[in-house]
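Please look over the sequence and the model first.

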Amino acid sequence: IYEQDFLPCSFGGRPELSAHHALSTLNEVISGGTTGWVLEADLKNFFGSLSHEWMLRFIAHRVGDPRLISLIRRWLKAGVLENGAVHPSDEGTPQGGSISVLLSNVYLHYVLDLWFERVVKTRLRGEARLVRYIDDFVICFQYRSDALQVEEALRHRLGKFGLTLEPSKTKLVEFGRSHSGTRANAAETARRHFTFWV
């Protein structure tokens, strides 16, 4: 159902779109484009912070079968077994759960991917590209002013859906051909510098 809807910026938990494909795409963006600044972002406790209400609304937007929606609702509410006791959960999805990666991709498809492609990019002065691997992502910008504007807007956007950026792991860095000097240097620096899939 969802594979045909997901955007090309989304990697992980999808057929033939692994972390290696994401890194390859990022290298192409940085080496061959106009990237001057990169925002590396990390979502704080992403799998534990997903809003069940928003998740079910996103699912209902695409899935018409109430039985399937009810099944996902029960799965989300199932809770966690710790020391022989079940602790119900009001938010989040178990990291490593059989359907968690799909649900996280659905959640960020609506919260981040569509918003970035349809709203953000139309308001920027220069070029920008998003590359997301499950819950980790980078956004490449041509201009620093665009990067700063999007970083601020991103905090508000994520907050609306119960998510926050992890300050210690989110950073804006000068990057790209103009900063590194050559295409080869840019690609090598990307492999050494960014830690979002390690």
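## Basis

The model is predicted, so local features need pLDDT of at least 70 and side-chain atom pairs count only at pLDDT 80 or more, while totals for chains, interfaces and linings use all residues. Residues are numbered from 1 along each chain as its sequence is written, and side-chain values use heavy atoms, leaving out hydrogens and water.

Helices are DSSP runs (H or I, at least four residues), numbered from the N terminus. Two packed helices are described by the angle between their axes and the distance between the axes. Axes are lines fitted to C-alpha atoms over the stretch in contact, and angles run from 0 to 180 degrees between N-to-C directions.

The axes of helix 3 (residues 52-62) and helix 4 cross at roughly 160° and come within 10 Å. The two helices are therefore roughly antiparallel (an angle over 145 degrees).

## Helix 5 and helix 6

Helix 5 packs against helix 6 (residues 144-160) at about 135°, with the axes 11 Å apart.

Tyr110 belongs to helix 5 (residues 100-120). With a relative accessibility of 15%, Tyr110 counts as buried (under 20% relative accessible area, 1.4 Å probe, protein chains only). Tyr110 and Phe6 are 104 residues apart along the chain, and their C-alpha atoms are separated by 9.5 Å.

## Leu68

Leu68 is located in helix 4 (residues 66-77). Its relative accessible area is 33%, so Leu68 is partly exposed (between 20% and 50%).

How values were computed. Angles under 35 degrees count as roughly parallel, over 145 as roughly antiparallel, 65 to 115 as roughly perpendicular and the rest as oblique.
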